[in-house]
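Q: I would like to learn how to read strands, helices and charged pairs in a model. Can we work through an example?

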Amino acid sequence: MNTLIACRRLLAMALLLALARPATAAKPSSGPDAPIGWASLDGGTSGGLGGAAVKVTDAGALAASLKGNEPKSVLVSGTIVLTEKVRVGSNKTILGIGGDATLKGAGLHLHGVHNVEIRNLSIHDSNDDAVNIESGSHHVWIDHCDFSQCHDGLVDIKRGSDLVTVSWCRFHDHHKTCLVGHSDKPSVLAEDKGKLRVTYHHNFFDGSQTRHPRVRIAETVHVFNNYYRANEYGVASTDDAGVLVEGNYFEQVKAPTYTQYGDSKQPGRLVERKNVFVESGKPSAAGQVREVIDAYKYVLDETERIPELVRQGAGVGKL
């Protein structure tokens, strides 16, 4: 991204975030206005930068504004009750206004699209997933969101999707939280091989039970500086996936990491380092994983400070 484009992006995001931020909220140090990790590669993820900004307050306006592939920033205000999932077109920023922007009853569906940002938004009580990313979707950034109590997954990434970053989100009151790769079938694994590259950083897995994430075939899935609290398990790597788990804080987690899980016939590879385990089980690790440092730049926060940093910065109303 050259200097001129970067400057334009910062100016546009400053305007949108001024609308989205509550007037009384303090601004914590909780990440930049561009993604870190896989979503930053190959041109980066800019969402609706350069397009019109549209404020929506009902389901019809939301669905209409997210159609098509022209750049657009869709500003969600208040609670919108959905009866069916909403398809998201390419080149969209979906940004909640303030600390109470919410989708309830259904979630967002990304099917074969690219360059999408979802930020500062709560999604709960969906009749399916909160966010479903599939069918080769790529360059997706999910940031500062709150997800809970959905029928299926909270954020599922599958069917050849790629180059995704999930950052500074809070996941809670849920069982099967985040899935990367949905099936062990040979045809599906072949479709996913070389794809499903996802970065998870500074998320709060707050009492959610499993899949933080559960990974098949993908390499490298990078999981760093997340806060895990009171979970059944943290990260599972299966079907020869390669997962790098570093600088995370696990508190009261029965099984921080797995390299064999469920009905997956083949184990995965997982490297864990610089993690902290408090009242938690013993992590599992196996094999080697391709490093990400040659792909993108990132800086680890001190692991002992992760509970404080993530509690302060993760979730909605904190941009």
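A: Start with an open sheet of 9 strands, ordered β3-β6-β9-β12-β15-β18-β21-β24-β27, with parallel pairing. Strands (E, at least two residues) and helices (H or I, at least four) are DSSP runs, numbered from the N terminus. Two strands pair if DSSP finds at least two bridges between them. The model is predicted: local features need pLDDT of at least 70, side-chain atom pairs count only at pLDDT 80 or more, and totals for chains, interfaces and linings use all residues. Residues are numbered from 1 along each chain as its sequence is written, and side-chain values use heavy atoms, with hydrogens and water left out.

Q: Which are the edge strands of this sheet?

A: β3 (79-81) and β27, each pairing on one side only. Neighbouring strands here are turned by 10 degrees against each other on average, direction ignored. Axes are lines fitted to C-alpha atoms, for helices over the stretch in contact, and angles run from 0 to 180 degrees between N-to-C directions.

Q: How many bridges join β15 to β18?

A: 2, and the strands run parallel. Phe171 stands opposite Phe205 in β18.

Q: What does α4 touch on the sheet?

A: Contact means heavy atoms within 4.5 Å. α4 packs on the sheet and touches β18, β21 and β24; its direction makes about 95 degrees with that of β21.

Q: Which residues of α4 are buried?

A: Buried means under 20% relative accessible area, exposed over 50%, partly exposed in between (1.4 Å probe, protein chains only). In α4 (residues 306-313), the buried residues are Ile306, Pro307, Leu309, Val310 and Gly313. Seen down the helix axis, they fall within an arc of 170 degrees, so they line one face of α4. The arc is that of the directions from the helix axis to the C-beta atoms. These buried residues pack against β18 (204-206), β21 (227-229) and β24 (249-251). After α4 comes Gly315, with a positive phi near 105 degrees.

Q: What is the strand order in the open sheet of 8 strands?

A: The order is β4-β7-β10-β13-β16-β19-β22-β25, with parallel pairing. β4 (86-87) and β25 (255-258) stand at the edges with a single partner strand each, so one side of each is left without a neighbour in the sheet. Inside, 4 bridges join β7 (residues 108-111) to β10 (residues 131-134). The bridge partner of Leu110 is Ile133 in β10.

Q: How many salt bridges does the structure hold?

A: Side chains of opposite charge can pair when their charged atoms come close. The criterion is a side-chain nitrogen of Lys or Arg within 4 Å of a carboxyl oxygen of Asp or Glu. The structure holds 15 salt bridges. One of them joins Asp143 and Arg119, with the closest N and O atoms 2.8 Å apart. Asp143 lies in β11 (residues 138-143) and Arg119 in β8 (residues 114-119), so the pair ties together parts 24 residues apart in sequence.

Q: Are Asp143 and Arg119 buried or exposed?

A: Asp143 is buried, at 1% relative accessible area. Arg119 is also buried, at 0%.

Q: Which residues are linked in a network of salt bridges?

A: Asp146, Arg170, Asp206 and Arg229. Within it, Asp146 and Arg170 meet at 3.5 Å, N to O. Asp146 lies in β12 (residues 146-148) and Arg170 in β15 (residues 170-172), so this pair ties together parts 24 residues apart in sequence. Asp146 counts as buried at 13% relative accessibility, whereas Arg170 is partly exposed at 26%.
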